[in-house]
Amino acid sequence: MKSINAEGFFGEYGGQYVPEQLLPILNELAATYDKVKTDPEFRAELDYYMKKFSGRPTPLYHCSNLSRELGGAQIYLKREDLNHLGAHKVNNTLGQILLAKRMGKKKIIAETGAGQHGVAAAATAALMGMKCTVYMGKVDVERQKLNVFRMRMMGAEVVTATSGQQTLKEAVDEALAAWMADAEESFYLLGSAVGPHPYPLMVRDFQSVISKEAREQFLTDTGKLPDYCVACIGGGSNAIGMFANFIDDKDVQLIGVEPAGRGLKLGDHAASLSFGSPGILHGFNSYMLKDEAGDAAPVYSISAGLDYPSVGPEHSYLKDIGRASYEYASDAEAVNAFFTLSQKEGIIPALESSHALAHVLKLAPTLSTEKSIIVCLSGRGDKDVAQVAEMIEQGIFSMP
Ligand SMILES: *Cc1c(COP(=O)(O)O)cnc(C)c1O
């Protein structure tokens with residue numbers, strides 16, 4: 001089901017809806033990537049850093065306690081939380097930075113919301129000895145002081161975006177403008193499977209190592225394929241990475257889980273596939289949440305890594321053709337899953353990943369013990385502990 005065409009459309013989604021000056025830059029990037037992606041030297045260098053810098057392959061872990069407790073399907077975790085920096089993001093930043101190096105670029109430009117991608121970009125730029133500038137909304141800079149400090153520690157410059165709502169959307173706007181002004185020297189390192197072509201395709205390829213490993217590991221451990229693959233959806237990169245190598249296995253059900261936030265009213269969630277409609281944001285066509293004027297609506301999730309008003313275009317396509325289905329989980333359900341995995345398995349999941357787990361807590365008991373589910377544990381939860389502890393202190397949630 002390799003649907004993407006030369007202009008980067010997945011069905012009607014994706015594309016390059018950008019100012020004219022960006023087209024030649026994107027097309028040069030697409031052409032270079034197309035050449036480099038099968039080059040054995042490039043793949044060997046990427047494999048080297050995936051292994052030695054990030055610690056791949058990550059384990060596939062059978063949650064025997066949790067599976068027994070729920071009394072249904074066998075639950076397995078793909079442990080992306082065990083990557084260097086504690087999440088799947090480094091899979092993508094390593095791939096893109098090696099591409100930047102190939103293209104002779106000296107400077108990296110990146111956007112970040114919660115700061116997780118900014119930290120991964122800063123780390124890989126330090127590794128390659130490149131200058132890194134990260135654009136971050138003013139509100140996020142204030143909310144995520146620790147990640148701002150981490151980026152600066154690793155030598156990155158953090159530029160505060162002060163337009164509009166002063167969050168991720170504005171950070172992307174300002175980063176794209178900076179790239180356009182300096183495209184000769186700089187490389188735009190995008191953090192999820194979104195943006196104009198070729199980014200959704202490149203990010204999918206770099207993240208597909210998740211399902212390449214998971215598929216082999218599951219076959220080795222059980223002699224069969226899983227019945228379900230489940231992942232949380234922000235921009236959709238860990239999910240498309242988890243789905244990629246299972247798309248042709250028609251009996252494997254693919255489920256993405258979006259953040260339903262504090263309620264289903266517009267502005268209270270960020271479930272773009274579940275409640276949005278097709279539209280263009282940041283240079284690509286996909287399901288997005290819109291206000292009355294048709295612009296990107298304000299979004300909310302307990303999890304700073306999930307609050308984006310659009311979603312990777314391949315997910316929109318997989319939804320429309322019925323190859324993947326998309327569910328949602330609320331803040332409260334995610335917090336419940338955050339504690340459940342901690343208590344049953346001794347693993348503290350990221351609040352993002354907890355959304356996928358929340359759906360699995362509902363799904364597993366409805367299935368027989370012969371069935372199996374792989375969940376992408378996209379990141380570790382240490383970064384979220386202080387936030388959850390404070391919400392417990394304020395009486396918003398209670399520890400089960
Ligand atoms: C950034 C992030 C996400 C969301 O991004 P996707 O592109 O949807 O994967 C999910 N989990 C963790 C741990 C993250 O850091």
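A: One may begin with a term for surface exposure: a residue counts as buried under 20% relative accessible area, as exposed over 50%, and as partly exposed in between. The model shown here is predicted. With these limits, Phe275 counts as partly exposed because its relative accessibility is 37%. Tyr328, at 33% relative accessibility, is likewise partly exposed.

Q: How many aromatic pairs are counted here, and how are the planes of Phe275 and Tyr328 arranged?

A: Two aromatic rings pair if their centres lie within 6.5 Å, and the angle between the planes then gives the type of pair. In this structure the count comes to 10 aromatic pairs. Phe275 and Tyr328 form a tilted pair, with 5.1 Å from centre to centre and 45 degrees between the planes.

Q: Which parts does the pair of Phe275 and Tyr328 tie together?

A: Phe275 belongs to helix H12 (residues 272–275) and Tyr328 to strand E13 (residues 324–330), so the pair ties together parts that are 53 residues apart in sequence.

Q: Which residues form an aromatic cluster?

A: One aromatic cluster is made up of Trp179, Tyr188 and Tyr199.

Q: Where does the charged end of Arg262 sit, and over which face does Lys319 lie?

A: The charged end of Arg262 is placed over the ring of Tyr300, at 3.8 Å from the ring's centre. Lys319 lies over the face of Tyr287, and the distance to the ring centre is 5.4 Å.

Q: How many disulfides does a search of the whole structure find?

A: A disulfide requires a pair of cysteine sulfur atoms within 2.5 Å. The search of the whole structure finds 0 disulfides. For Cys232, the closest cysteine sulfur is that of Cys376, and the distance of 7.1 Å is too far for a bond. Cys376 is accordingly in no disulfide, with the sulfur of Cys232 as its nearest cysteine sulfur.

Q: Are Cys232 and Cys376 buried or exposed?

A: Cys232 counts as buried because its relative accessibility is 1%. Cys376 also counts as buried, at 0% relative accessibility.

Q: What feature does UniProt place at Lys89, and in which helix is Lys89 found?

A: A record annotation may be inferred rather than shown by experiment. The unreviewed UniProt entry places the feature "modified residue: N6-(pyridoxal phosphate)lysine" at Lys89. In the model, Lys89 is found in helix H4, which covers residues 89–102.

Q: Which residues does Lys89 touch, not counting those up to four places away in sequence?

A: With those neighbours left out, Lys89 touches Gln116, His117, Ala120, Gly191 and Gln207.

Terms used. Residues numbered from 1 in each chain as written. Predicted model: local features only at pLDDT ≥ 70, side-chain atom pairs only at ≥ 80, totals over all residues. Heavy atoms only, no water. Helix = DSSP H or I, 4+ residues; strand = E, 2+ residues; numbered from the N terminus. Contact = heavy atoms within 4.5 Å. Phe/Tyr/Trp six-rings, centres within 6.5 Å; stacked < 30°, edge-to-face > 60°. Buried < 20%, exposed > 50% of the residue type's maximum accessible area, 1.4 Å probe, protein only. Lys NZ or Arg CZ within 6 Å of the ring centre and 35° of its normal.
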